[in-house]
Amino acid sequence: MAKTDLAIAQECVLQPIREVAKTAGIEESDLEYYGKYKAKLSLDLYQRNKARKDGKLILVTAINPTKAGEGKSTTTVGLGDGLRRIGKRAMIALREPSLGPVFGLKGGAAGGGYAQVVPMEDLNLHFTGDMHAITTANNLISACLDNHIHQGNALDIDINRITWKRCLDMNDRTLRNITIAQGAKANGVERKDGFLITVASEVMAVLCLADSLTDLKQRLGNMLVAYNTKQEPIYVRDLGIEGALAMVMKDAIKPNLVQTLEHTPVVVHGGPFANIAHGCNSIMATKTCLKLADYVVTEAGFGADLGAEKFLDIKCRFAQLQPNAVVIVATIRALKQHGGVPFADLQKENVEALLQGCANLAKHIETIQAFHLPYIVAINEFASDTPAEIKALQEWCQMHKHPMSLSQVWAKGGEGALDLAQKVCALCDQKNEYAPLYDVNASIPDKIETIAKCCYGAKGVLFSEEAQRQIKDYERLGWNHMPICMAKTPTSLTDQDQLYGAPTDFTITVRELRPSLGAGFIVALTGNVLTMPGLPKHPAALDMDIDEDERIKGLF
């Protein structure tokens with residue numbers, strides 16, 4: 001029986017984090033220790049190294065995944081280890097796991113097999129407390145907002161037009177829509193409210209897009225919370241609490257340093273979901289790595305239709321990053337699902353379905369090509385893949401002249417990415433003409449249609465009456481010159497969960513828009529995407545335990 005990810009992680013002899021830091025050229029004075037094996041990095045570290053030339057930036061993305069995920073983080077970690085094995089000075093920049101998926105279905109975000117980030121238990125359970133700081137800051141806004149209304153409502157806030165929601169880093173569908181302040185008048189003003197999962201909150205997005213504590217405070221102050229009875233916007237700064245929020249976030253803004261099983265330095269910071277937020281780790285983490293390493297491997301959530309598009313249209317635009325290469329992770333099991341095989345049968349050999357599902361891979365390749373970036377397909381090998389299936393996928397890539405590498409990082413760690421690492425380095429040496437897909441000054445509908453047609457293959461976009469009204473409001477308020485953050489199902493190129501493959505004759509329906517003014521983008525909610533997920537019938541939490549020796553069991 002194969003070892004679990006947890007068992008592999010627990011067998012690792014970790015290096016003290018100060019030793020890992022040394023390999024990245026980080027002085028001990030820049031470390032704030034959280035135990036022996038993890039530390040926060042000082043805010044001065046990036047500032048002192050600003051003049052240094054940036055290393056090469058490698059983005060790892062994927063095709064539309066199955067509900068279990070296709071090993072994007074695993075590939076990212078394995079590639080980072082592989083680059084170090086071929087003598088390159090490399091670092092990895094990842095997002096922090098959310099407790100929602102950890103206790104739900106999908107699991108954490110620490111990689112898997114022999115391509116993992118450790119200490120795995122710490123990373124997936126609380127880590128350095130960043131998620132809790134974000135949750136606290138978000139809910140401090142809610143508490144102060146409702147208290148302001150209760151204490152006389154000097155800002156004349158319309159309680160029917162409050163846009164701010166509370167948050168919790170947990171999958172809890174019962175909190176999507178609630179009523180607060182029920183009962184006695186002393187409880188506050190009764191109104192409708194709801195919860196987001198923490199990783200979908202704007203505070204999370206702001207943390208990941210800020211480049212200093214001062215910038216963070218300003219962005220927090222710019223966040224929209226409500227409208228007054230004259231339909232004028234009310235911001236966090238109108239409540240006068242941006243200083244308190246920045247204080248709560250003073251440690252959370254500092255990137256976290258950990259290591260892989262092979263002791264490659266990893267900076268883990270921020271964790272926005274890519275289906276309902278922008279899906280990238282923090283700008284500060286990525287920029288810090290680029291100053292310290294010659295090659296930086298990072299990932300953006302889900303497929304190229306979501307995380308990669310937002311990385312290239314939002315994060316790189318804001319941070320003025322110049323990506324050098326893109327790795328597109330494809331798995332045989334996901335391609336078979338896109339070829340019509342039910343999830344329960346994905347372990348059975350089916351070359352015909354695999355080749356039919358390659359249409360999905362082709363669409364994601366087309367998306368990366370639209371950004372004018374060199375790419376390579378990484379076939380993330382699973383134990384259930386058969387030689388016939390692997391050969392068929394390799395031949396498909398060769399026939400269509402797509403660069404390709406068989407990645408065996410789950411089973412072999414960095415050794416399983418040596419070929420991928422060599423080919424990625426060659427891609428990084430190529431000149432590219434990267435550019436975002438759209439001009440931010442285009443209209444909101446035009447920007448959304450550009451994304452839908454180019455990245456999804458849609459024939460057009462339908463806007464609900466509510467969305468149309470919001471577009472007019474945003475134009476009136478001058479909020480229309482910002483990037484778009486699409487909220488969409490990750491399992492399909494469409495806005496319908498189980499429409500697999502690469503459909504063409506479909507439309508995307510935008511039901512609602514939400515301004516994230518602190519983050520600097522407009523969120524477009526499509527289909528039935530939810531900002532507070534629910535737990536499955538058998539949540540992963542049922543299989544977890546800890547014994548008297550504090551040894552954790554069942555954490556993947």
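This is a predicted model: local features need pLDDT of at least 70, side-chain atom pairs count only at pLDDT 80 or more; totals for chains, interfaces and linings use all residues.
User: How much space lies in the second largest pocket?
Analyst: The space in that pocket comes to about 1,000 Å³.

User: And which residues lie nearest its centre?
Analyst: Ile162, Thr163, Lys165, Glu512 and Arg514 lie nearest the centre, out of 43 residues that line the second largest pocket. Elements that give two or more residues to this lining include β7 (157-162), α8 (202-209), α20 (465-477) and β22 (507-516).

User: Which element gives the most?
Analyst: Strand β22 does, with 6 residues in the lining of the second largest pocket.

User: What is the lining like by class?
Analyst: The lining of the second largest pocket has 21 nonpolar residues, 14 charged residues and 8 polar residues.

User: Changing topic: where does Ala285 lie?
Analyst: Ala285 belongs to helix α12, which covers residues 283-292.

User: Is Ala285 buried or exposed?
Analyst: Ala285 has a relative accessible area of 0%, so it counts as buried.

User: What does Ala285 touch?
Analyst: Leaving aside residues up to four places away in sequence, Ala285 touches Pro255, Val267 and His269. Ala285 also lies 8.5 Å from Leu94, C-alpha to C-alpha, although the two are 191 residues apart in sequence.

User: Now the largest nonpolar core: how many residues does it have?
Analyst: The largest nonpolar core has 136 residues, and Leu361 and Ile448 have the most contacts inside it. Beyond residues up to four places away in sequence, Ile448 touches Val461, Phe463, Ile484, Met486, Val510, Leu513 and Ala524.

User: Which residues does the second core include?
Analyst: That separate core has 45 residues, among them Val102, Ala110, Val297 and Ala540.

Key: Residues are numbered from 1 along each chain as its sequence is written. Side-chain values use heavy atoms; hydrogens and water are left out. On a 1 Å grid over the protein atoms alone, a cavity is a set of points where a 1.4 Å probe fits but cannot get out, and a pocket is an open set with protein on both sides within 12 Å along at least five of seven lines; lining residues have an atom within 4 Å of a point. Grid points are joined across faces, edges and corners, and a volume is the space filled by probe spheres set on the points. Helices (H or I, at least four residues) and strands (E, at least two) are DSSP runs, numbered from the N terminus. Ala, Val, Leu, Ile, Met, Phe, Trp, Tyr, Cys and Pro count as nonpolar, Asp, Glu, Lys and Arg as charged, and the others, Gly among them, as polar. Buried means under 20% relative accessible area, exposed over 50%, partly exposed in between (1.4 Å probe, protein chains only). Contact means heavy atoms within 4.5 Å. A nonpolar core is a set of buried Ala, Val, Leu, Ile, Met, Phe, Trp, Tyr and Cys residues joined through side-chain atoms within 4.5 Å.
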